[in-house]
Amino acid sequence: MRKFSSSPYGRVFLALSAFCVTMAGLVLGKLYLGGESGLSLPWFAPPKPTHSLVTYRTEYKCGDVAVNTVEVPEAGLQAYLSAVSPEWGSPVSSTVGHQFTRVDPDYCPDHARYRLICLSKGYVAVYRGKRPDPEFLIKEYKDLPESALHPRDREVLREGLLIEGEPDEVDRVVARHLEGIKE
Ligand SMILES: [Zn+2]
């Protein structure tokens, strides 16, 4: 009499049966014993994230927004959040992390620190910030037409002259440049 397990089909059947029994055992073990009572199956539970994203969003009066994001270890997250300066208020938490928002009554760093002197519609003009954005035109100088400029100045202002300085000083620096152009 031929032994059942000696046939190739029998061996495959036995192997499959053993596999199914093992898997069923693992699943039942997981279901009935729970995740914390010894059975640890890495493919059943995704690993917990070890870091959380904390975002700081600043909204300036010019409409610009600055966003900074930091990664904080999950273990120290609560201590980190409670140590954030009160000016940021309470964070809004979501699945992607925790976000603090504050409204700054001043201009953003670019609009506070930069002025652009350039030519606009045939005249010298000064803009707040780095770009000739009509919304941030400070002044158009009707007494400084392009035609009256020294060729050297005309060349420079056609390209645009960017001035940077402390927010409370940069306009004085611009005024000095304009004086130089007039002479
Ligand atoms: Zn701005």
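The briefing below begins with the chain as a whole and then takes up each sheet.

This is a predicted model, in which local features need pLDDT of at least 70 and side-chain atom pairs count only at pLDDT 80 or more, while totals for chains, interfaces and linings use all residues. Residues are numbered from 1 along each chain as its sequence is written. The protein chain holds 5 helices and 8 strands, where helices (H or I, at least four residues) and strands (E, at least two) are DSSP runs numbered from the N terminus.

**Overall make-up**

- Followed along the sequence, the protein chain shows the pattern α-β-β-α-β-β-α-β-β-β-α-β-α.
- Of its 183 residues, 9% count as buried; a residue is buried if 20 or more other C-beta atoms lie within 10 Å of its own, exposed if 12 or fewer, and partly exposed in between, with C-beta atoms placed from the backbone.
- Among contacts between residues at least 6 apart in sequence, 42% join residues at least 24 apart, a contact being a pair of residues whose C-beta atoms, placed from the backbone, lie within 7 Å.

**The mixed sheet**

- An open sheet is formed by 4 strands in the order β2-β1-β4-β3, with mixed pairing; two strands pair if DSSP finds at least two bridges between them.
- Its edge strands are β2 (65-73) and β3 (92-94), each of which pairs on one side only.
- The twist from one strand to the next averages 20°, where axes are lines fitted to C-alpha atoms (for helices over the stretch in contact) and angles run from 0 to 180 degrees between N-to-C directions.
- Strands β1 (residues 51-60) and β4 (residues 97-104) pair in the parallel sense over 7 bridges, and Thr-58 stands opposite Arg-102 in β4.
- β1 and β2, by contrast, run antiparallel and are joined by 9 bridges, with His-51 standing opposite Pro-73 in β2.
- β2 is hardly covered, since the count of buried residues among its 9 residues is 0.

**The antiparallel sheet and its helices**

- Another open sheet of 4 strands has the order β7-β6-β5-β8, and its pairing is antiparallel.
- Here β7 and β8 (161-164) are the edge strands, each pairing on one side only.
- On average, and with direction ignored, neighbouring strands of this sheet are turned by 20° against each other.
- Strand β5 (residues 114-120) and β8 pair in the antiparallel sense over 4 bridges, and Ile-117 stands opposite Leu-161 in β8.
- Helix α4 (residues 151-159) packs on this sheet, where α4 touches β5, β6 (123-128) and β8, and its direction makes about 115° with that of β5.
- Helix α5 (residues 170-182) lies across β5, β6, β7 and β8, running at about 145° to β8.

**Tyr-141 in its surroundings**

- Tyr-141 is found in strand β7 (residues 137-145), and Tyr-141 counts as partly exposed because 15 C-beta neighbours lie inside 10 Å.
- When neighbours within four places in sequence are left aside, Tyr-141 is in contact with Tyr-123, Val-124 and Ala-125.
- Tyr-141 and Leu-119 are 22 residues apart in sequence, and their C-alpha atoms are 9.6 Å apart in space.

Key:
Two residues are in contact if their C-beta atoms, placed from the backbone, lie within 7 Å.
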